[in-house]
Amino acid sequence: MCETAEAASLLAWYDAHARVLPWRVSPSDRKAGVAPDPYRVWLSEIMLQQTTVAAVRDYFTRFTALWPTVEALAAAPDEQVMAEWAGLGYYARARNLLKCARVVTEEYGGRFPADHAALLSLPGIGPYTAGAIAAIAFDLPEVVVDGNVERVMSRIFRVETPLPAAKPELTALARSLTPAQRPGDYAQAVMDLGATICTPRNPACGICPWREACRARKDTVQAELPRKSPRKAKPTRHGMIFIGRRSDGAVLVERRPDKGLLGGTLGWPGSDWQEGAAPKALPPAAGDWRELPGEVRHTFTHFHLVLRVLVADLPQGTVPERGYFLEKSAFSPSDMPTAMRKAHDLAVRPAPTASG
DNA sequence: TATCCGTGGAG
DNA sequence: TCTCCAAGGAT
């Protein structure tokens, strides 16, 4: 393995095949002296954490249209940012996004630091994201290791150690290949390679720029790598929620606490979610609550959720014991995380009949 | 180190 | 239907 030659062959491949992405400066533009906007690089990297490019695209476009600069984002109301993030998942990212924007605005004069350690100290920025911003936005020679890089390294070096234990080994191997020239393009090139050629299933080894050097391909074990430790089975939790509506169209909602599952998001009042039978919960307001036929099913990272949904038409003067009324004009189900939006769908749309 | 934290698409 | 997975971070 000749490190310099491998980096060069990958960069040549990237020059010809780099994906066109809304937050990316193309290799030709970069060579022409165009510098990336660190704000856009940061925003894209946060959105892309454990999230596909396809899912991020529209969110990125909308965020940058609403808030073109980090100062603009820092000045945005929390509720609006949470509503715009709704549906993208991992809501701690949205809360940390605002924290970070405000720190950068207030303590860094609106400029992201061009320094790995300083970036790492910011909310929502961990080792990967700090390296990615340093490399992509500032062209610093950082070692950038994400899921793509882990997969690519495990294959070209045929690392049989299962993840996540293999992480340090894979990081060292990634470091051994990272060039001093064009580190920003190189970081994006390895990730593009992992996303388009060295894919988890059916890697396209025949057109890979690293096919000659790849140990896994030589030994025909590429489909089995990287190995992963077995995961835990998902339990099923049950709960009940209450969707209360006033005749003027206002709905009874609550803001979930900042910490924990769906932290800081808008939702329907309800019970805790537990394994076994759904825990009983008091309605958030007095009323004639009736349970809807059917149920809401949703799967989170580490458990399945089954929700019973109760609805009520509430009198105009109702004073809720929990939550608050949101006027019809101020409510959109798309402002809620998916599980809550599914519950609203069930309440609004009659359950499909067996005959269709 | 292990657990918690979403979502939608692919196969 | 079900499992896996995608540019991880915080605790």
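## Exercises on pockets and cavities

α10 gives the most to the lining of the largest pocket, with 5 residues. The model behind these exercises is predicted.

**Exercise 1. Describe the largest pocket: its volume, its lining and the elements that supply it.**

Solution. 
- Step 1. Take the volume. The largest pocket holds about 1200 Å³.
- Step 2. Look at the lining. It consists of 35 residues. Nearest the centre of the pocket lie L48, Q50, D146, G147 and N148.
- Step 3. Find the elements. Two or more lining residues come from each of α3 (38-47), α4 (53-66), α9 (127-138), α10 and α12.
- Step 4. Sort by class. The lining of the largest pocket has 16 nonpolar, 8 polar and 11 charged residues.

**Exercise 2. State how many cavities of 30 Å³ or more the structure holds, then describe the largest.**

Solution. 
- Step 1. Count. There are 2 such cavities.
- Step 2. Take the volume. The largest cavity contains about 100 Å³ of space.
- Step 3. Find the residues at its centre. The lining has 15 residues, and R155, C198, C205, C208 and C214 are the closest to the centre.
- Step 4. Find the main contributor. Helix α10 (residues 147-156) supplies the largest share of this lining, 3 residues.
- Step 5. Sort by class. The lining of the largest cavity divides into 11 nonpolar, 1 polar and 3 charged residues.

**Exercise 3. Describe the second largest cavity and find the element that gives the largest share of its lining.**

Solution. 
- Step 1. Take the volume. The second largest cavity has about 70 Å³.
- Step 2. List the lining. It is made of E142, V144, V149, M153, A174, T178, P183, Y186, A187 and V190.
- Step 3. Assign elements. α10 and α12 (183-196) are the elements that give two or more residues. The largest share, 4 residues, comes from α12.
- Step 4. Sort by class. The lining of the second largest cavity has 8 nonpolar residues, 1 polar and 1 charged.

**Exercise 4. Decide whether α12 is largely enclosed or open, and compare its reach with the expected span.**

Solution. 
- Step 1. Check the reach. α12 has 14 residues and spans 20 Å from its first C-alpha to its last. That is close to the 20 Å expected at 1.5 Å a residue.
- Step 2. Set the cut-off. A residue is buried if its relative accessible area is under 20%.
- Step 3. Apply the cut-off. The buried residues of α12 are P183, G184, D185, Y186, A187, Q188, A189, V190, M191, D192, L193 and G194.
- Step 4. Conclude. 12 of the 14 residues of α12 are buried, so α12 is largely enclosed by the rest of the structure.

Definitions and conventions: Residues numbered from 1 in each chain as written. Chains lettered and ligands numbered in written order. Predicted model: local features only at pLDDT ≥ 70, side-chain atom pairs only at ≥ 80, totals over all residues. Heavy atoms only, no water. 1 Å grid on protein atoms, 1.4 Å probe; cavity = no way out; pocket = protein on both sides within 12 Å on 5 of 7 lines; lining within 4 Å. Points joined across faces, edges and corners; volume = space filled by probe spheres on them. Nonpolar A, V, L, I, M, F, W, Y, C, P; charged D, E, K, R; others polar. Expected span 1.5 Å × (residues − 1). Buried < 20%, exposed > 50% of the residue type's maximum accessible area, 1.4 Å probe, protein only.
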